[in-house]
Amino acid sequence: MGAGASASVAASVEAASDTEIAEVLKGLSPDVLQKIKAAVSEPAKKNLSNASAMGKWTDKECADMIQGILNQTTKGPPPDVFRKFRPFHLPEYESKFSIGMDAPDGKVFELDGSEKTLLRKMKEMGHGEGKLLVLNLGSYTCPVHRGQVQNVSTVCQEAGVEMLEVYIIDAHPVDEWSGGPIDGVEWSQPKTLEERIKIAKVFQEAKGIKANMVVDDMSNPCNIAYEAVATKACVLEGSKVVWKTGMSPFQYDVDGLKEFLASKKAKS
């Protein structure tokens, strides 16, 4: 089944009532019903093209995937492309971003183009000592970030925690490691701040993002400091980093974020 057919089936199911779905299922043979049952119960396969399988990868699964890409034994971009655009994923990279450290700062911009720093923006939001705040860093061309941003927002709302969306360097623009078009539009890597703000606004509108949003400077200080690309979420308590997702996007664990915020709320 092609992507277009899959989308058509999904749309039909979403539009149908429970009664209509039940009537359709009654008319199917036992073999077809078993096929459907097997399909929905089978764990999502962990690979680069399956965004729904991201989040719960082990460190070993991540390492094996990276080695597979670099050795060209796993489907993925050419090794030189991967090395250029995913420096934080390379086996030789030593992470500098860790739980317990002070939250890094960096130059950012509001969507109106006004300049400030990330920490100043958080302070303007009322963040301070003893308060929790979720930083969610990513881009429109990252399918995992794009697909999960509303879930992260819901998790934050349910926990009563502010969220700050930080728009970083695009993960899969068509002129680098292409992720293909989004709703028929192909996006190139922004070369100017104005272009980055433009795509951030499109992302905000397309996904209905209500949370505060800032855009990383074109020198990418927040992406570098938070080792974010393709997507990263972290929790700050006051000035400290107290939780973070692991290697993106494989360990972009939204369920883990929900559990952590619930545990903090239970202790308060």
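Which side chain meets that of E124 in a salt bridge with an N to O distance of 2.7 Å? The partner of E124 in this salt bridge is K116. The legends below describe close-up views of a predicted model.

**View 1. Salt bridges of K116 with E110 and E124.** The side chain of K116 meets that of E124 at 2.7 Å, N to O. K116 also forms a salt bridge with E110, where the closest N and O atoms are 2.9 Å apart. K116 counts as buried because its relative accessibility is 11%, under the 20% limit. E110 counts as buried as well, at 14% relative accessibility. E124, in contrast, is partly exposed, with a relative accessibility of 43%. Side chains of opposite charge can pair when their charged atoms come close.

View 2. Helix α6 spans residues 118–124 and holds both R120 and E124. These residues are 4 positions apart in the helix, so about one helical turn separates them. Their side chains meet in a salt bridge, with 3.0 Å from N to O. R120 has a relative accessible area of 46% and is therefore partly exposed. Through salt bridges that share partners, E110, K116, R120, K121 and E124 are joined into one network. The structure as a whole holds 10 salt bridges.

**View 3. Packing of helix α7 against helix α10.** Two packed helices are described by the angle between their axes and the distance between the axes. For α7 (residues 143–159) and α10 (residues 254–267), the angle is about 10° and the axes lie 10 Å apart. The two helices are therefore roughly parallel to each other, as the angle is under 35 degrees. On the α7 side, the contact is made by Q148, N151, V152, V155, E158 and A159. On the α10 side, V254, L257, K258, L261 and K265 take part.

**View 4. A nonpolar surface patch with residues from helix α3.** L25, V32, L33 and I36 form this patch on the surface. Together, the four residues have about 280 Å² of accessible area. Helix α3, which covers residues 30–41, gives the most to the patch, with 3 residues. L33 is located in helix α3. Which accessibility class does L33 fall into? L33 counts as partly exposed because its relative accessibility is 34%, a value between the limits of 20% for buried and 50% for exposed.

Key:
Residues numbered from 1 in each chain as written. Predicted model: local features only at pLDDT ≥ 70, side-chain atom pairs only at ≥ 80, totals over all residues. Heavy atoms only, no water. Patch = residues over 30% accessible without salt bridge, like charges linked within 9 Å, V, L, I, M, F, W, Y side chains within 5 Å. Areas by Shrake-Rupley, 256 points an atom, 1.4 Å probe, with all protein chains shown as cover. Buried < 20%, exposed > 50% of the residue type's maximum accessible area, 1.4 Å probe, protein only. Axes fitted to C-alpha atoms, helices over the stretch in contact; angles between N-to-C directions. Parallel < 35°, antiparallel > 145°, perpendicular 65-115°, else oblique. Contact = heavy atoms within 4.5 Å.
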